[in-house]
Structures are given as structure tokens and as C-alpha cells.
Amino acid sequence: MSEQLVLKGSMSAADYAGGAVPTATAHDAGYLRVFVFALFFFFGGITSLNDVIIPKLKELFTLSYAEVMTVQSAFFGAYFIISLPAAAVVRRIGYMRSAVVGLLLMMIGCLLFIPASASALFKMFLFALFVVAAGITVVQVVANPLISLLGAPITAHSRLTFAQAFNSLGTTIFPYIGSALILSSLTTVDPKSLTGAALMSYRAQATQVIGGTYLGLALTLLVLAMMVWWYRNRLSEHRIPGSSWREALGLLRVPRFVLGATCIFLYVGAEVAIGSLIVSYLMQADVLGLGQQAAGKHVPLYWGGAMIGRFIGSYLLRLFAPGKILALAAAGVMTLLFISTHTTGVVSGWSLLAIGLCNSIMFPTIFSLASEGLGPRSASASGIIAVAIVGGAVIPPLTGHVADVFSLRTALVVPAICHLGILAYGIYARRPAVAAAQA
């Protein structure tokens, strides 16, 4: 089955064949937008904290780049495992209740950081991150199609990009606070000089601040879940028979959708890989030569560029073909990567941080281009696209391996190749989809 939002007064449930058809008054739709924006803010912010805890865990557990990138594998691997079940949950219990389930899963994952810190075991941190990501997956399967359907189809690209700006607001604020709380706690003790009980004790003590940070997040998520539950009946959903599996198989016969899902894989993997390496990259003597905490406080500039770009992009996407803007943005990322890897000092560091500005419109634009013209199959499409976010689990470790074998500069060729594929898709999808709904 699929889900569509129908605002009363604009269209009826009969306009869609199959799935749960949510309806809301124009007044209640305003509440829905607020909740969706809040969801984007929190799951974006919590995701970006990975960029802060990666250097912390790398130092504490004396890991290689490839090893520490398993943080992203554990996190984004949840999208591969949870996305389709999450779509089934949405079909069964509806948007608002599914959002509550996702928020509570995120809360449980955050609470798991407390025993992870007490155990001082890297695997425990990976498990906690997986549970957090499982909750985020459910929330994202809810949020993306819901915001796309809160208005006219012609402005879906712009509306989703605007909502993603709140995601970027979270990714801008959370890393700065996380850097101040987590990275500032680093001591002059070298974990490599410790062994046995002394090492375990040091790790447990040094990771307590991580547990405390995520405890605060857990309490905030509990409050948000209670608020969403309180307003759960603002959206009424009427079920119409349909087949989700047939829809999913049918979508695999739509080239525009399949290529779009592939580009989500490439984009998320490339964005996460770059974000994960920013702290280490800026610490290099031939770049900015910063200390770990100072480098960590530059991470919000990367995500802040994405926030600014999404506000700008939500306007530009109303004026120009989304595919053309996507291709131009991908070319911009490739150019900045080339500049960063072939220069030194301030130019090298800031050209890497500026990539966030070009990345800004990519996820929402790819998502809406891939889903364009799918009609009642939008929710099934959202579930499949969410699976493609597993790129964040695959490409960062590959990038880390290249960094271990060669250098951080050489490793950036991996996200550059990813953006070449995105550029090609932008050119391919520059014209509106016409027959996707009948394909």
C-alpha cells in the first residue's frame, strides 16, 4: 500500500488508488509542518554528531581511518535493514504514530550510550549508534513523503528543500555543541601508552561525556515524542486496499526512479565521507594545522553552508529546472574537491568546507526527481530510497581505506567520482517526468 496526504478542500481520497490516504484540514496542516520541521532538525543534528565522535573514538581506541569509519557503517547500515520494515510500519499504524515509534527508538539508542561509555567497548558504541539510526530511519521514511505532499505537486522540489534546511540547521548547531562538550574533554594522555586495566579505565572515564551528551538528547526526544503523540489525531488516515510489494517491484521498472535511488546512495556516501574526514583534514599541517577541538568547531561551517544553500535553493528551484540545478551543484562539488586537494593552507581548508553549500540541494532534489510522477506509489518509493541511504555505510569506509593506503587528499577522489554520477543524473532528469506514474 502507499500513503498520500490529501488536504481537505484540495483533492479527495478517490484521487488516489491504493494505500492509506491521510487527510487534514488546512489549520491542522500547519501543525503537521511544524512537527515535520522539528523531525528534520533533530534527526539531522543527531546524525551530524557522528562527525564529532569519530575523531574522539579514533583517538581513544587507536583506530585506523578505515576502522573508525565503521561508525558510519553501523549508523547507515540501519537504513538498509530498517527502511522497508519502517515503510510497512507507516502503512500499518500511520504517519504520526510511526513518528512516535521512531523518536522512541532514537531515545533508546541515545540511552545506550551510557552503558557503552561504562563498558568502554567500541562495539557497544556501534550498537548504540545502530539503534539511534534505526529510529532516524523510521522518522525519515515518515518525514520525506509527508512534507512532499503538504502542498501542490509543482512545488514539491522547493518544499522538500526548504524542509531539509531545518535538517541542516540541526547539523549546524549540534556539531558545535558536541565539539565543545566531547572534544574539549581530551587529555594529554596518549592511549597508546596504556594497556590492560589502565587503558579500560581511561576509556571509560574519557567517554563519560559522550554518555552525558546523549542522555540530554534522550530526554529531549522523549518530550518531542510526547508532543507528537498528543497531536496524533490531527491527521486522519483512511485505508484503501493495495499491494506494497507489487508497487515496489513496479518501481524497479522505472529508470528515472532507479537511477535516482542510486544517486541517493552516491550522494549520502560522499557527503558522510567528507563530513567524517573534516576534522582530521583540517588538522593537517599543510591545511589549517588546527587542534582537534578547533577543527571540530569548523564542522558546523560545512553543514551551515548546506543550510544556507537549501534556503536559497528552495527559491531557485521554483525558477529553474531541478535537474539542471542538481547537475550544476554536482559540478561545483567536483571543482571544490579539485581545488582543496591541489592547494594548501586556507584555500585548501575552506574550499573543502564550502562543499556543504553545493551539497545543500542534492538530497531533496534527487528524492523529488526520483519520486516525480509516481502518484500513489510515493510511500513505497520513500522506503526504497531510504534503503539507498546505506551508501553512508559503504562509501565512508572505502574512503577511509584509501586514506590509510595513500593520504586524506587522495581519498577525496572517492566522493568526487560519486558526484560525477550525480551530475549525469541531473542532466538525464532535467525534463519533468511525464509517464512515471503509468510505467
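**Pocket, core and cysteines**

Modeller: The second largest pocket holds about 250 Å³ of space. Here a pocket is an open set of points on a 1 Å grid over the protein atoms alone, where a 1.4 Å probe fits, with protein on both sides within 12 Å along at least five of seven lines; the volume is that filled by probe spheres set on the points, joined across faces, edges and corners. This is a predicted model, with local features needing pLDDT of at least 70 and side-chain atom pairs pLDDT 80 or more, while totals for chains, interfaces and linings use all residues. Residues are numbered from 1 along each chain as its sequence is written, and side-chain values use heavy atoms, without hydrogens and water.

Colleague: Which residues lie nearest the centre of that second largest pocket?

Modeller: Leu316, Ile325, Ala329, Leu357 and Ile361, out of 13 lining residues (those with an atom within 4 Å of a point).

Colleague: OK, switching to cysteines. How many disulfides by the sulfur-distance rule?

Modeller: The count is zero, taking a disulfide as a pair of cysteine sulfur atoms within 2.5 Å.

Colleague: Last one: what does leucine 103 touch?

Modeller: Leu39, Val139, Leu221, Leu224, Ala225 and Val228, leaving out residues up to four places away in sequence; contact means heavy atoms within 4.5 Å.
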